[in-house]
Amino acid sequence: RLINGKPLMAYAIECGIKSGLFDHYIVSTDSKKIADIAKDNGVDVPFMRPKYLAEDETPMLPVLQHAIRKSEKYYKKSVDTLVLLDPTAPLREVDDLINAYKIYS
């Protein structure tokens, strides 16, 4: 979806990148269209999510577990921290992310 002429997911990507907190920013998707939007906005799509993890009722935990396994294999590095930036929160501010991460760490 477009919000103010920008894909909804671009807000999450922009927030993550501007935070400068992490080594890698990835998008997990089964859609080539979404993968292309993600790449156009500066993040990696190192794998495609299998269809069985892309159903409307798919729980988030197996999606995140899949993303961790695939990312560790792709980057040849253990994932220490995973932060999910749902694209459905376009009003999230960079400071919100940074402050939440400070509380976590």
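Tutor: A salt bridge here means a side-chain nitrogen of Lys or Arg that lies within 4 Å of a carboxyl oxygen of Asp or Glu. The model is a predicted one, and a search through the whole of the structure finds five salt bridges.

Let us begin with the pair formed by lysine 77 and aspartate 23, whose closest N and O atoms are 2.9 Å apart, so that the pair falls within the 4 Å cut-off. Lysine 77 is partly exposed, with a relative accessible area of 43%, whereas aspartate 23, at 60%, is exposed.

A second pair is made by lysine 51 and aspartate 30, with 3.3 Å between the closest N and O atoms. This pair, too, links distant parts of the chain, since lysine 51 is in the loop between H2 and H3 and aspartate 30 in the loop between H1 and H2, 21 residues apart. Here lysine 51 is exposed, with a relative accessible area of 54%, and aspartate 30 is partly exposed, at 28%.

Salt bridges with shared partners also join Lys6, Glu14 and Lys18 into one network. Lysine 6 counts as partly exposed at 24% relative accessibility, and glutamate 14 counts as partly exposed at 33%.

Notes:
Residues numbered from 1 in each chain as written. Predicted model: local features only at pLDDT ≥ 70, side-chain atom pairs only at ≥ 80, totals over all residues. Heavy atoms only, no water. Buried < 20%, exposed > 50% of the residue type's maximum accessible area, 1.4 Å probe, protein only. Helix = DSSP H or I, 4+ residues; strand = E, 2+ residues; numbered from the N terminus.
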